Amino acid sequence: MGTWNSRGLRGSLLEDLINKSNELYMEKGLALIQKIPTPITPIKMDKEHHQITLAYFEKKSTVDYIGAVQGIPVCFDAKECHQNLFKLQNLHEHQVNFMTNMERQGGIAFLLIYFTATDEVYYLTYQEMMRFWNRMKQGGRKSFQKSELCPDFYLRQNVGGIFIPYLEGIQKDLELRD
């Protein structure tokens, strides 16, 4: 079990944009994706602002989002990166295991990485994620450079009112699998 404090809110802008995108995808009948809340037990509260300032994670969560896109099971996690280097410590073993199991069941798993310095969102396929993860597990680098990523998987933002159009990433991902 870990401890949570206000640092945990770093990804809230990204999550807000993904949540709005999910709502629009649902309204258009394209996808049904739900945010999975992380179960926490509050320890300290800021009564003036009605905010939790310290809490414990009750258990390990899975990934941030789970659902279906046109009948295909989907799961993904959203991460923010403030530099051109993504540290794999931001990805947890239990998340990788969940994503692996989703892929084994015929679903699609991926990461959305928001590079804040360049205001870019990247769709990291499961296969690409596992290449970096396995490299780390075999004693290699514990991170990857933005320059190592496939340029085709950067998402155009705010396309047709969809803030984070990850369905475009899923489409490209599926095309690579065929």
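1. Strand 5 and strand 6 run antiparallel and are joined by five bridges; strands here are DSSP E runs of at least two residues, and helices are H or I runs of at least four, numbered from the N terminus. Pairing requires that DSSP finds at least two bridges between two strands. Alanine 68 has proline 73 of strand 6 as its bridge partner. In the hairpin, two residues lie between the strands, and glutamine 70 takes a positive phi near 50°.

2. A quick word on the basis: this is a predicted model, where local features need pLDDT of at least 70, side-chain atom pairs count only at pLDDT 80 or more, and totals for chains, interfaces and linings use all residues. Residues are numbered from 1 along each chain as its sequence is written, and side-chain values use heavy atoms, with hydrogens and water left out.

3. Strand 5 (residues 65–69) also pairs with strand 2 (residues 31–35), antiparallel over five bridges. Glutamine 34 has isoleucine 66 as its bridge partner in strand 5. Buried means under 20% relative accessible area (1.4 Å probe, protein chains only).

4. On to helix 2: its buried residues are Gln95, Val96, Met99, Thr100, Met102 and Glu103. They cover an arc of only 160° around the axis, so they sit on the same side of helix 2; the arc is taken over directions from the helix axis to the C-beta atoms. Just after helix 2, glycine 106 takes a positive phi of about 90°.

Notes: Buried means under 20% relative accessible area, exposed over 50%, partly exposed in between (1.4 Å probe, protein chains only).
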